[in-house]
Amino acid sequence: MTSSTHWPKHFFLISGNNTDHHFNHKPSRESMGTKAYNLLRMAEIGLQVPPALVIGTDFSQRPEECFKPLFDIGLPALQNVAGEVFGDIRNPLIVSVRSGASVSMPGMMETILNVGISDATLSGFLRKTGNPRLVWDAYRHLVACYGEVVSGVPASLFENEITIIAQGRDERELDFSELRALTKRFLIVYQEQVGQPFPQDVHVQLTGAIHAVFASWMSDKADTYRHLNKIDAAIGTAVTIQSMAFGNSGAHSGAGVGFTRDPTTGEQGLWVDFLGNAQGEDVVSGRRNADAHQGLATVAPAAWQKLQEAAQALEQEFSDMQDFEFTVQDGVLYMLQSRSGKRTPLACARIALDLLDENIIDAATALQRTEQLKEEEIGTIRLSPQHKTSSDIAPLAKAASACPGVVSGKIVLDAQSAAEHAKGGVSTILVRQDAETSDIAALDSAAGLLTERGARTSHAAVVGRQLGKVCLVGCDTLHIDMTARTVSFAETTLHEGDIITLDGNEGVIYHGKVAAVLTPDEALLKRLRTLRKSAGAGHHGRREK
């Protein structure tokens with residue numbers, strides 16, 4: 001290993017054993033971003049973490065200066081711990097390139113997977129894995145993601161090619177020959193849109209991906225998120241280059257996102273979305289539906305057991321409910337990130353009080369985490385009892401609930417319409433095909449979100465939950481016609497401006513406005529009052545905007 005005197009400042013190496021690595025800059029949330037700092041802590045407590053190289057936040061304002069130390073020292077060090085060589089035709093290192101600031105901003109910046117696959121490295125990748133389907137699936141993911149994030153190719157163009165090849169099937173059912181044909185179509189789309197071929201030099205790929213991740217710190221959606229949450233743009237983002245674990249490697253593989261407790265209610269027990277034979281971006285992007293934890297328990301029971309153990313270890317290490325991402329490759333669990341999970345006010349109270357009872361946090365910490373909560377937030381908005389006995393209001397459809405509550409509003413189909421209605425104080429429901437974080441401005445204006453596709457743990461649903469919006473995702477009977485400005489639920493067609501109601505408790509959509517009432521959680525309120533009383537004076541619950 002290169003001695004500490006030669007190791008570049010603001011670079012950090014994460015592997016299963018960091019004792020041999022000496023850095024010239026102390027690892028911290030501020031220096032390497034919370035995502036990477038937590039990855040380091042996960043490795044240190046013995047969780048299985050793919051090795052990673054972190055380009056610190058210091059380079060966010062001057063990214064050009066990171067490339068010489070990256071290619072001279074940092075990348076060779078990563079190759080050494082990974083046992084693979086980036087760009088090698090026999091034993092290629094394939095990496096993800098991820099963002100991460102010191103303050104969590106779910107889905108606001110970019111990630112690019114499978115960097116390092118090219119026509120030259122394909123054969124070595126195939127020899128290593130013996131899995132042609134995996135190789136071509138990973139390659140087509142790279143071309144599409146790189147095209148969208150780095151080169152600005154509309155994602156819809158790649159989605160159209162999938163539709164043509166798949167002929168109504170789930171894309172995970174495509175065999176290697178179909179995926180090979182799909183990749184070649186993606187390469188053609190890329191060249192037609194960009195005016196030059198997809199980069200076959202893997203170092204060009206990596207350079208472009210790093211530039212794009214740094215640039216995403218100043219994207220419109222990231223800027224909007226910082227404005228809404230009063231985050232200083234000067235803190236910048238780090239970039240993490242991490243050895244890939246492949247969730248798309250077959251029947252005993254997949255990718256998922258989870259919370260160590262239910263982020264909507266705070267109840268104990270893992271809350272997981274899992275997509276078999278898929279990669280992580282398929283889950284968090286909001287463009288794919290996912291299964292709950294039963295899917296993981298079925299295809300990889302040993303990995304499910306390991307995940308439950310990892311969740312307990314994460315809560316002990318971070319003293320809070322965690323939002324984590326993971327990949328299962330051929331039955332083996334890899335943990336990719338962990339951070340304090342976004343939660344509803346109700347969940348905030350229950351989690352803090354339960355962690356106190358479990359001796360994971362002390363009373364002062366529990367009080368600090370709940371002191372801004374108002375008592376009227378410690379409950380759930382539910383359909384009124386009169387509705388439950390009414391037979392004249394039939395549900396339009398069902399969907400997966402990402403955030404509970406009940407809300408009614410006019411249908412809006414884009415950010416402009418949501419903003420115009422918000423100016424007049426009109427309650428709206430944003431209806432979209434996918435749960436994507438680019439909709440954050442519209443979601444901030446709306447009272448609720450309904451999507452045709454997407455998982456409960458997609459980044460947009462996570463942000464919606466943080467904003468206190470009722471969110472229903474993955475409504476498979478929903479169809480949106482942007483030309484006619486209509487939405488259809490099976491046989492029922494509604495127009496933009498019509499009123500619908502989302503019941504986030506039961507995952508049901510109704511036509512029209514349906515009465516709702518707040519149902520306080522009296523038992524939880526009693527516990528919260530006891531905490532505040534025992535802590536002494538005057539915590540009456542203030543909520544900052």
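Is Arg90 buried or exposed? Select Arg90 and colour by accessibility: at 53% relative accessibility, Arg90 counts as exposed (exposed is over 50% relative accessible area, buried under 20%, partly exposed in between, with a 1.4 Å probe and protein chains only). Before going on, note that this is a predicted model, where local features need pLDDT of at least 70 and side-chain atom pairs count only at pLDDT 80 or more, while totals for chains, interfaces and linings use all residues. Residues are numbered from 1 along each chain as its sequence is written, and side-chain values use heavy atoms, leaving out hydrogens and water.

**Stop 1: salt bridges**

Asp88 is at 16% relative accessibility, so Asp88 counts as buried. Across the whole structure, a search finds 26 salt bridges.

Next, pick Arg140 and Asp137, whose side chains meet in a salt bridge at 2.8 Å, N to O. Both sit in helix H4 (residues 132-149), 3 residues apart, about one turn of the helix (helices, H or I with at least four residues, and strands, E with at least two, are DSSP runs numbered from the N terminus). Arg140 and Asp137 are both buried.

Now jump to Arg369 and Asp320, another salt bridge, at 3.3 Å from N to O. Arg369 is in helix H13 (residues 363-370) and Asp320 is in the loop between helix H11 (301-318) and strand S8 (322-329), so this pair ties together parts 49 residues apart in sequence. Arg369 counts as partly exposed at 25% relative accessibility, whereas Asp320, at 7%, counts as buried.

For a network, select Asp58, Arg62 and Glu65, which are joined by salt bridges that share partners.

**Stop 2: rings**

Leave Arg62 selected and show Phe59: Arg62 lies over the face of Phe59, 4.8 Å from the ring centre (the test is NZ of Lys or CZ of Arg within 6 Å of the ring centre and within 35 degrees of the ring normal).

The whole structure has 11 aromatic pairs (rings of Phe, Tyr and Trp, the last by its six-membered ring, with centres within 6.5 Å; planes under 30 degrees apart are stacked, over 60 edge-to-face and the rest tilted). Phe11 belongs to strand S1 (residues 11-14) and Phe59 to the loop between strand S2 (52-55) and helix H2 (67-82), 48 residues apart. Phe11 is buried at 0% relative accessibility, and Phe59 is buried at 4%.

For a cluster, select Trp136, Tyr139, Tyr146, Tyr190 and Phe198, which form one aromatic cluster.

**Stop 3: Arg98**

Finish in strand S3 (residues 95-101), where you will find Arg98. What is the nearest side chain of opposite charge to Arg98? That is Glu325, 4.2 Å away, and Arg98 is buried yet has no salt bridge (Lys and Arg count as positive, Asp and Glu as negative; His and the chain ends are not counted). Show Ser96 too: a polar contact of 3.2 Å joins the side chains of Arg98 and Ser96 (a polar contact is a pair of N or O atoms within 3.5 Å; within protein, one must be able to donate a hydrogen and the other to accept it, and residues adjacent in sequence count only if both atoms are side-chain atoms).

Key: Salt bridge = Lys/Arg side-chain N within 4 Å of Asp/Glu carboxyl O.
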